[in-house]
Amino acid sequence: MKAIQFTRFGPPEVLEVVELPVPEPGPGEVLIRVHAAGVNFFEVLVRADRYAVSPDLPMFPGVEVAGIIERAGPGADRSLIGTRVAVPLFAIGRGSGGYAEFVAVDGGAVVPLPDAVSFTMAVALMVQGLTALHLLRSSPVNGKIVLVNAAAGGVGSLLLQLARRDRAKMVIAAASSEEKRALSLSLGADHVVDYTAPRWQEEIKGLSGGLGADIIYETVGGAVSRATLDALAPCGELVLTAMGRFGLGVADIERMLDQNQSIKGFSLLPLLTLQAVPKDFGALFDLAATGALTVVEGGRFPLHRAAEAHRVIEERRAVGKVVLTPSIQESEPDAMPKNLAP
């Protein structure tokens, strides 16, 4: 089978296609032909050795896949063969191996997919879907003014929709291009702002009666984290998912303390349990299947174009979820990139 690996850190070109034996499902395991593998921003950082932890090399990236069960190992439920499933590798202690044509996992770790949920939708609702869900559980929005940074991204596009469902008083979406802002409005944002424009924070204060947002979900990091403070209301909460990449200094923290503001860190993996994950996926899949939650596709790429998929994310040209499609050839329509911002 074909899989993607990198043997050194660097630009997207370090990703290479390699041939590996098809995994043999062990006791209790099933073999899945991968139809969609999610590509995440943190994987871009890992590849460039800019993440909090450096992996051992060679590295086979990919932590979320969806596909069809083809074989069952000894003791596994053979009735599962032919079932469409989602496989959250990240939630079962597997931090690699998803960028491949096949994966073998414990049969109890797969989550059946409703017919109305495509493979692409499924991977979009794994890391990003659970992140959005747990962000709202960690910092409830009912009756509050909320700012979602990078609102057209994989997490942001889901987060702003779920915030509306959770009865936020106002949802403000921050995005860097006209296309992304238009998308955010179509997904239910009350207002949009361009966080690359000068003094964009003043626009948020104007929309919020001069105070600012009660909760800011900050996923970008760097200078944006620091600039975002000017849009935070007194007693407001800044929720950081860009752990290790935010640009806050001592003076910024002191200013926050003076205004009774708080910072809350967010890390997904410690919040997950094997018992709760299938239930959470079930809720997200049901919302997507009924059209209550729109999943935005950010581009589909065949496996051998994994470097291009990484580059699109790294350059922040994608809106929504970028996926690899190992079971689709480049000549097929689904292999062509979609919804790429200029």
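A cavity is a set of grid points where a 1.4 Å probe fits but cannot get out, and its lining residues have an atom within 4 Å of a point. The model examined here is predicted. It holds 1 cavity of 30 Å³ or more. The space in the largest cavity is about 30 Å³. Its lining is formed by Ala124, Gln128, Gly154, Ser157, Leu158, Val295, Val296, Gly320 and Lys321. Of these residues, 4 are nonpolar, 4 are polar and 1 is charged. Helix 4, which spans residues 154-165, gives the most to this lining, with 3 residues.

Ile253 sits in helix 8, residues 250-258. The relative accessible area of Ile253 is 32%, so this residue counts as partly exposed.

The backbone was examined next. Most residues other than glycine have a negative phi, and most peptide bonds are trans. Exceptions to both patterns were found. The peptide bond from Leu57 to Pro58 is cis, and its omega is near 0°. Pro58 lies in the loop between helix 1 (41-47) and strand 4 (65-72). Asp49 is also found in the loop between helix 1 and strand 4. Asp49 is not a glycine, yet its phi is positive, at about 60°. Its relative accessible area is 35%, so Asp49 is partly exposed.

Arg199 likewise has a positive phi, near 55°, and is a residue other than glycine. Arg199 is placed in the loop between strand 10 (191-194) and helix 6 (200-207). Arg199 counts as exposed because its relative accessibility is 62%, and the cut-off for exposed is over 50%.

Note on methods
Residues are numbered from 1 along each chain as its sequence is written. This is a predicted model: local features need pLDDT of at least 70, side-chain atom pairs count only at pLDDT 80 or more; totals for chains, interfaces and linings use all residues. Side-chain values use heavy atoms; hydrogens and water are left out. On a 1 Å grid over the protein atoms alone, a cavity is a set of points where a 1.4 Å probe fits but cannot get out, and a pocket is an open set with protein on both sides within 12 Å along at least five of seven lines; lining residues have an atom within 4 Å of a point. Grid points are joined across faces, edges and corners, and a volume is the space filled by probe spheres set on the points. Helices (H or I, at least four residues) and strands (E, at least two) are DSSP runs, numbered from the N terminus. Ala, Val, Leu, Ile, Met, Phe, Trp, Tyr, Cys and Pro count as nonpolar, Asp, Glu, Lys and Arg as charged, and the others, Gly among them, as polar. Buried means under 20% relative accessible area, exposed over 50%, partly exposed in between (1.4 Å probe, protein chains only).
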